[in-house]
Amino acid sequence: MRKVLVPTDFSENAFNALKYACQVFKYERCEFFVIHTYADEVYGQEVLVAQNLLEERKEDASTNSEKLLKKTLEAIKLYSPNPKHAFKAIAAFGALTDEVNDWVNTENIDVVVMGTRGETNDQKRTFGSNALQVLKYVHCPVLAIPGNYEYHPPKEVLFPTNYMVPYKRRELKLLCEMAGSFRSTIHFLYIDPIEVLSNRQADNKAFLESTLSKPTLRFGTTAKKDKTSAIMKYISDKQIDLLVLVNSRHSYMEDMLYRSTIDQIGLQVGIPFLVLQNIAR
């Protein structure tokens, strides 16, 4: 059974991400964990708060969180009454990234799905601070959905790579099954002026080909020096539905995690990102 964790702040963007998750995994048996963390609501902006007031705030925030989670589950079941899907609501007093990682480890979560922006919905930014923290530090794949994105099947998937990363089989299996469900095409884009691959790169490329057995694979290269513009041009030219990136040291994803770069791509292309985490779990 696929295990999917979906953080929510009860915004439209968060609910849109939950709807996307239900659609993209509609052919699979899934358990969805919908989590809301409310520590920030309790502490607020004050430096010092009396203990009795803090406890009162905590109790109120917990009650409100559980009430809104119940409404969220009722709404998603009306939107997607899929007998293959089960839902669990989680109200947690803690920091979002810490709570998400705890549930990832406890429940062996396969993927976290979340909106790129929250309640503030800053139109000049693709990723809110919470989404950026989850992308950087959560120990499992993260699927980030733009707030205004209307679902359609991920038929065309772009995977930029330098073939230097020793990919994780479990995370590639997730991508393989997602893409295989929709008979998708995965476009691998090698962005480098030197087209000849080293032995390590050739081995990693062969591993990708053997592991991603269900979707159709296409391999392309570009000599463009600006990786961001190369990706955006490919997305536009091929009408890409989903962008896949790997978060590891010295990877393009690491460069992208600087706010200006990731916003530059996200604001212009407006498609979901699947970030694979090449870190120990």
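**Salt bridges and surface spots: a chat**

Visitor: Hi! Which residue does Glu107 meet in a salt bridge?
Guide: Hello! This is a predicted model, and in it the side chains of Glu107 and Lys3 form a salt bridge, at 2.9 Å from N to O. Glu107 sits in helix H4 (residues 96-107) and Lys3 in strand E1, so their pairing ties together parts 104 residues apart in sequence.

Visitor: Is Lys3 buried, exposed or partly exposed?
Guide: Lys3 counts as partly exposed, at 21% relative accessibility. The limit for buried is under 20%.

Visitor: OK, how many salt bridges are there?
Guide: The count comes to 6 salt bridges. One of them joins Arg2 to Glu28, where the closest N and O atoms are 3.0 Å apart. Arg2 belongs to strand E1 and Glu28 to the loop between H1 and strand E2 (30-37), so this pair ties together parts that are 26 residues apart in sequence.

Visitor: And are Arg2 and Glu28 buried or exposed?
Guide: Both Arg2 and Glu28 are buried. For Arg2, the relative accessibility is 9%.

Visitor: Which residue forms a salt bridge with Arg2 at 2.5 Å?
Guide: That is Glu177, whose side chain meets Arg2 at 2.5 Å, N to O. Glu177 is in helix H6 and Arg2 in strand E1, 175 residues apart, and the pair links these distant parts of the chain.

Visitor: New topic! Which residues gather in a patch of negative charge on the surface?
Guide: Glu55, Glu56, Glu59 and Asp60 make up that patch. Glu59, for instance, is part of helix H3 (residues 51-79), and Glu59 is exposed, with a relative accessible area of 57%.

Visitor: What about the backbone? What is phi for Phe10?
Guide: Phe10 has a positive phi of about 70°, although Phe10 is not a glycine. You'll find Phe10 in the loop between strand E1 (2-7) and helix H1 (12-24), partly exposed with a relative accessible area of 26%.
Guide: Arg183 is another residue to look at: its phi is near 50°, a positive value in a residue other than glycine. Arg183 lies in the loop between helix H6 (169-181) and strand E7 (185-191), and Arg183 is exposed, at 74% relative accessible area.

Visitor: Last one: what does Asn16 touch?
Guide: Leaving aside neighbours within four places in sequence, Asn16 is in contact with Ile145, Pro146, Gly147 and Tyr149. Asn16 lies in helix H1 and counts as buried, at 13% relative accessibility.

Definitions and conventions. Residues numbered from 1 in each chain as written. Predicted model: local features only at pLDDT ≥ 70, side-chain atom pairs only at ≥ 80, totals over all residues. Heavy atoms only, no water. Patch = residues over 30% accessible without salt bridge, like charges linked within 9 Å, V, L, I, M, F, W, Y side chains within 5 Å. Areas by Shrake-Rupley, 256 points an atom, 1.4 Å probe, with all protein chains shown as cover. Salt bridge = Lys/Arg side-chain N within 4 Å of Asp/Glu carboxyl O. Lys, Arg positive; Asp, Glu negative; His and termini not counted. Charge placed at Lys NZ, Arg CZ, Asp CG, Glu CD. Helix = DSSP H or I, 4+ residues; strand = E, 2+ residues; numbered from the N terminus. Buried < 20%, exposed > 50% of the residue type's maximum accessible area, 1.4 Å probe, protein only. Contact = heavy atoms within 4.5 Å.
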